[in-house]
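Open the model in your viewer and keep the selection panel at hand. The stops below go from the whole chain to single residues.

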Amino acid sequence: MSIAAISTARGLGAIAVVRLSGDDAFDIAARHLVLPEPQGTRPATAFARFLVNGELLDEVVVTTYRAPHSYTGDDTVEIACHGSLYIQQALLQALLNSGARLAEPGEFTRQAFLNGKLDLSQTEAVADLIDSTNAAAHRLAISQLRGGYAKELEQLRQQLVDLTALLELELDFSEEDVEFADRRRLHSLASQIYTRIIALRESFHMGNALKRGIPVAIIGRPNAGKSSLLNALLRDNRAIVSDIPGTTRDTIEETFVIKGTPFRIIDTAGLRHSDDPIEYLGIQRTIETVVQADIILYVHDATQPFLQALDDLQELQDIRTFKDKHLFIVNNKIDLVPETLTTPYRTFPISAKEGTGLEDLTSALVKAAQTDLAQAPDVMLTNVRHYDALGHVEQALLHVAKGLADHLPSDLVAIDLRDALHHLGTITGQVTSDEVLGTIFSRFCVGK
Ligand SMILES: Nc1nc2c(ncn2[C@@H]2O[C@H](COP(=O)(O)OP(=O)(O)OP(=O)(O)O)[C@@H](O)[C@H]2O)c(=O)[nH]1
Ligand SMILES: [Mg+2]
């Protein structure tokens, strides 16, 4: 059985590509394609005529891939035709009439996974690659597709297998009542793996930030101009701006890219003590946002005493939210108060209303992101599913370490080890369920 689908974007284009893959792909294609006669010594060309019921539908370019040397690992034919919607559909329909089945979303990639061309984490990287909208996300997806990530997982798996083998050795000996000395070695091996997993899981924050945008929280008193700043940065009237304090009651989130770096900028409810329950909830949400942000822009209204800002910052400092974060003071409304403000923090004089001072601020954002990136590990976790799976591995390893320390019998410890291996296997797809595969491949479009 073969599958077929239009692989280029829906709609009209100069050229469209129809992909056909499976064990009878070549036969099906041969029913429609007429290749030009070889002329003298001219090398074979990829041009062909595509016929439907003996009539010329289009002149096309054909690329053939013989199994296993194709994306899917099966025989594959890619037919590039003219992009007319009619031609695309008629060509696909002809292939379906000749015995192919319409491919489901992501089915070509699923086939690649089933044929062992890609592991599961790599198929997810393919989806990320297609989704990537900026340089940073693109770099991450490429490295997950090609780079160290799969190797890292394989090393972890190998270490877990080694640990299991050592433990089984102990099992064999225990019958002969040999005092097995090397539990310490087992323990140190287990904690090595554990440390590595913790580090990988910690990289998720940065990996995810790069994929979804580095979180930037805009905070400050009501009416300071937070929403105006968001709009100015986005060059758009995304958030409602008004002179009524407490206009923004819930967080508003938008992504934008500066110099290839994605930021996720979050406008929040103004910081103040409020009796209004909805506003109060908004303020709680603000504090959560601050906790998750990498960069904090505290917007100060230049017409107000800076003492206010110091109070707020002190209060937030007390709940220990600023640790390891970049904090910038944005002194807004300088169109009203021209004199400069000196603060103990990095301060940017701007007018959100008139759009002045924004370049320095955006440059500082990019620089802060680059500083963080420079410290980022080579291999980064970007996928929530993997993050969760590694969480299970981490738990299982904790049990292993505890079991070893408590001198539990080896067969009990082995159960937790197998559990760890199982969860690690779900990432690469060595262990998998239809449900998980279904969720992953439903992210793809038809034709990929
Ligand atoms: N003159 C001047 N007015 C500004 C500037 N930025 C904002 N404003 C005005 O200040 C008022 C409050 O602006 P918002 O952006 O709604 O302030 P906010 O901080 O989001 O306020 P809340 O959502 O209520 O917490 C509006 O009337 C804005 O037009 C500025 O740079 N200069
Ligand atoms: Mg607002």
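The tour covers the overall chain, then a metal site and its helix, then one leucine.

This is a predicted model, in which local features need pLDDT of at least 70 and side-chain atom pairs count only at pLDDT 80 or more, while totals for chains, interfaces and linings use all residues. Residues are numbered from 1 along each chain as its sequence is written, chains are lettered from A and ligands numbered from 1 in the order in which they are written, and side-chain values use heavy atoms, with hydrogens and water left out.

**Whole chain**

Select the protein chain and colour it by secondary structure: there are 14 helices and 13 strands (DSSP runs numbered from the N terminus; helices are H or I of at least four residues, strands E of at least two). The C-alpha trace spans about 85 × 75 × 45 Å along its principal axes. The radius of gyration of the chain is 29 Å, whereas a compact globule of 448 residues would have one near 22 Å (taken over C-alpha atoms; the globule rule is 2.2 Å times the number of residues to the power 0.38).

**Magnesium site**

Next select ligand 2, a magnesium ion, with its protein donors Ser227 (OG) and Thr248 (OG1), which lie 1.9 to 2.1 Å from it (donors are N, O and S atoms within 2.8 Å of the metal, or 3.2 Å for Na, K and Ca; water is not among the atoms, so sites may look incomplete). Ser227 belongs to helix H8 (residues 226–234), and Thr248, 21 residues apart from it, to the loop between H8 and strand S9 (252–258).

**Helix H8**

Nine of its nine residues are buried, so the helix is largely enclosed by the rest of the structure. Its cover includes strands S8 (214–220), S9, S10 (261–267), S11 (295–301) and S12 (326–332), and helix H11 (358–374) (contact means heavy atoms within 4.5 Å). Step past the end of H8 to Arg235, whose phi is positive, near 50 degrees.

**Leu156**

Last, select Leu156 in helix H6 (residues 148–174). Is Leu156 buried or exposed? Its relative accessibility is 1%, so Leu156 counts as buried. Leaving aside residues up to four places away in sequence, Leu156 touches Ile193, Arg196, Ile197, Leu200 and Leu424. For Ile197, 41 residues apart from Leu156 along the chain, the C-alpha separation is 8.4 Å.

Technical notes
Buried means under 20% relative accessible area, exposed over 50%, partly exposed in between (1.4 Å probe, protein chains only).
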